[in-house]
Amino acid sequence: MEKQVNTIATNGNESNQYFRFQVFQAIKDISGKLKKTKSVGMAYLKDGQNIFSLRLWMFSWDRYYILPHKNDPSKYLVMTREPNKSPKARTKYFWNIVGSGTVDSIQGVIELEFDLLSKPIYVNIHPEPSAHANDLPEPESFDQAA
């Protein structure tokens, strides 16, 4: 993440392009193929970033973040963050791990397991075709995401 921040600072021209990804529940058929059953949210990724911002319809007041694991690009952490209220703090936020994810590149999804939910949800790893234009609305407070 630090490398990305330095790259953006060096280039000086941060893109305002966002990509939008479907988040859904699914069932697996006998062959293991996923069949989408319902849409449960959206994930957003700003061009040049590697942290997804996740909004779930059921918890619309909360924002989650999907961060790649440091040592394994096929694994992710699902996190929340809280502002650090101490004025002398070195860190701006407290990050809390609330789940994990694994990439299934064959099916084109990241399977997310939340610590308190019994069913996995899936994030499509391919953006929606209409969702990679500069005119895509910026997700609320996404600019503070990293």
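This is a predicted model: local features need pLDDT of at least 70, side-chain atom pairs count only at pLDDT 80 or more; totals for chains, interfaces and linings use all residues.
Residues are numbered from 1 along each chain as its sequence is written, and side-chain values use heavy atoms, with hydrogens and water left out.

Let's begin with the fold. The chain has one helix and eight strands, where helices (H or I, at least four residues) and strands (E, at least two) are DSSP runs numbered from the N terminus. Reading from the N terminus, the order is α-β-β-β-β-β-β-β-β.

How are the strands arranged? They form a closed barrel of eight strands, β1-β2-β3-β4-β5-β6-β7-β8, with antiparallel pairing; two strands pair if DSSP finds at least two bridges between them. The twist averages 35 degrees from one strand to the next, with axes being lines fitted to C-alpha atoms, for helices over the stretch in contact, and angles running from 0 to 180 degrees between N-to-C directions.

Now let's follow the end of the barrel. Strand β6 (residues 93-104) is joined to β7 by six bridges, antiparallel, and here Thr102 has Glu111 of β7 as its bridge partner. Next, β7 and β8 run antiparallel with four bridges, and a hairpin of six residues links them. In that pair, Leu112 is partnered by Ile121 of β8. Finally, β1 and β8 are joined by two bridges, also antiparallel, and Val23 has Val123 of β8 as its bridge partner.

So what about the interior? In soluble globular proteins, nonpolar side chains tend to be buried together. A nonpolar core here is a set of buried Ala, Val, Leu, Ile, Met, Phe, Trp, Tyr and Cys residues joined through side-chain atoms within 4.5 Å, and buried means under 20% relative accessible area, exposed over 50%, partly exposed in between (1.4 Å probe, protein chains only). The largest core has 18 residues, and those with the most contacts inside it include Val23, Phe52, Leu112 and Val123. Among the strands that each supply at least two of its residues are β1 (18-28), β7 (109-114) and β8 (121-124). A second, separate core of five residues includes Ala26, Leu34, Val109 and Tyr122.

Which residues does Val23 touch? Leaving aside neighbours within four places in sequence, Val23 is in contact (heavy atoms within 4.5 Å) with residues including Met42, Leu54, Ile121 and Val123.

To finish, 36% of the 146 residues count as buried.
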